[in-house]
Amino acid sequence: MAQQYKGWESFKAQPIESKLKYFNHPSSNRLFDIIFAQQFDKPFLQQLFDIANQIRKIAKSQHGSMFLQQLLADKRAMLFFVQPSTRTFMSFLNACHILGMKTSEIRDTATSSEVKGESPEDSIRTFSSYVDLIITRHPDEGFAQKASWVLNSYANRSIPIINGGSGKDQHPTQALLDIYTLSRAFSELGGIDNKRITMIGDLKRGRTVRSLCRLLALYHNVHINFVSPASYCMREDILKFLDQKGVSYHISESLDGCLEDTDAIYATRLQDEHNEKNESSPDLSNYNITAKHLDIIKPSCIIMHPFPRRNEIHTDVDQDPRAHYWKQARNGMWIRAALMLYLFEREHAVKEYVL
Ligand code: NCD
């Protein structure tokens with residue numbers, strides 16, 4: 001059960017844009033807590049891509065791998081993942097291992113003192129007594145923000161919080177790995193500027209597409225196609241944000257005509273864990289990407305999916321070189337390692353490493 005905290009409701013009610021600085025380090029002004037995709041700007045993304053590229057090169061040799069394992073060997077991280085997760089959990093865990101960080105985890109509140117009635121806020125404060133970083137995944141929208149606010153306002157030991165997915169709202173580190181994947185795929189094709197991205201599926205409740213839109217808007221002349229049944233359309237807040245940023249987009253209920261000139265397909269699954277009571281799930285098979293689409297998409301088009309998938313992308317697409325979803329998942333480990341190195345202000349060590 002969440003507890004009442006004086007000041008929280010008024011902090012929560014402030015528009016995100018007006019409180020971004022709150023999540024920065026008070027003296028260095030670098031990012032400290034990673035809560036919203038709105039915290040990232042283009043120079044930050046580029047910096048992170050460079051660190052991630054360097055880490056993955058260094059990790060290729062045994063010497064490099066051992067070097068990386070010293071970088072955060074004095075730090076400990078807590079993975080508090082109380083909503084199902086495979087890739088986000090595994091990529092964070094292994095990113096910690098790459099950098100030598102020790103980890104502890106809770107993946108189910110049935111095994112923690114929350115089952116005895118402890119609040120999630122007291123749990124977070126308890127973790128902060130033992131570790132140097134907390135990574136959270138939680139079903140409640142705003143959970144990571146509240147965890148950060150409670151530590152900053154009440155605890156004498158304030159440590160960074162990373163949001164590994166909160167409710168239907170935000171998944172900022174997935175957006176990092178998605179934009180990193182796009183940037184690598186288009187490195188010889190002029191980068192992300194001027195590209196057309198087609199997002200397909202449950203755009204209303206998918207937090208990955210929502211966070212990715214925030215980052216795509218940082219690039220020049222990007223166009224987004226939103227393809228979904230009308231009842232699963234991208235929500236108004238993101239459309240309004242894209243309007244304000246001058247990002248052009250097109251909303252369609254069918255894939256027809258959307259794929260031929262697109263540079264990236266981003267398929268997503270139905271988020272039926274968020275169904276209302278008695279809500280039935282529609283048949284979305286018309287939105288699935290199958291081998292027949294491989295004949296109509298551009299030779300340079302990349303196919304992405306945050307995973308898990310059901311049938312949104314058939315396995316007969318997997319062997320096509322344009323299928324990027326397995327690379328995308330692995331990119332998550334490198335970019336999350338880069339992010340954690342940045343948060344502990346140790347990225348200089350990889351920049352200086354001579355390959
Ligand atoms: C996504 C999520 O949890 O939002 N998965 C992930 O982190 N890779 C997408 C999903 O569950 O559909």
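Buried area is the accessible area, taken with a 1.4 Å probe, that two parts lose on being put together, summed over both. Keep that in mind for the tour.

Some ground rules come before you click. This is a predicted model, in which local features need pLDDT of at least 70, side-chain atom pairs count only at pLDDT 80 or more, and totals for chains, interfaces and linings use all residues. Residues are numbered from 1 along each chain as its sequence is written, and side-chain values use heavy atoms, with hydrogens and water left out.

**Start with the whole chain.** Helices (H or I, at least four residues) and strands (E, at least two) are DSSP runs, numbered from the N terminus. The C-alpha atoms fill a box of roughly 55 × 55 × 35 Å along the principal axes. The chain's radius of gyration is 20 Å, which agrees with the value near 20 Å that a compact globule of 355 residues would have. That radius is taken over C-alpha atoms, and the globule rule is 2.2 Å times the number of residues to the power 0.38.

**Next, colour the domains.** Select 19-171 + 332-340 for domain 1 and 172-271 + 284-330 for domain 2; these bounds come from an automatic or database domain assignment. Their C-alpha centres lie 26 Å apart. In the contact (heavy atoms within 4.5 Å), domain 1 takes part with 34 residues and domain 2 with 28 residues.

**Now look between them.** The two domains bury about 2700 Å² between them, 59% of it on carbon and sulfur atoms. Two salt bridges cross the interface; the term means a side-chain nitrogen of Lys or Arg within 4 Å of a carboxyl oxygen of Asp or Glu. Select Asp 169 and Arg 210 to see a salt bridge with an N to O distance of 3.4 Å.

H2 gives the most, with seven residues.

The whole structure holds 18 salt bridges. For one more stop, select Lys 146 and Glu 121, whose closest N and O atoms are 3.0 Å apart in a salt bridge. Lys 146 sits in helix H6 (residues 143-154) and Glu 121 in helix H5 (residues 120-130), so this pair ties together parts that are 25 residues apart in sequence.
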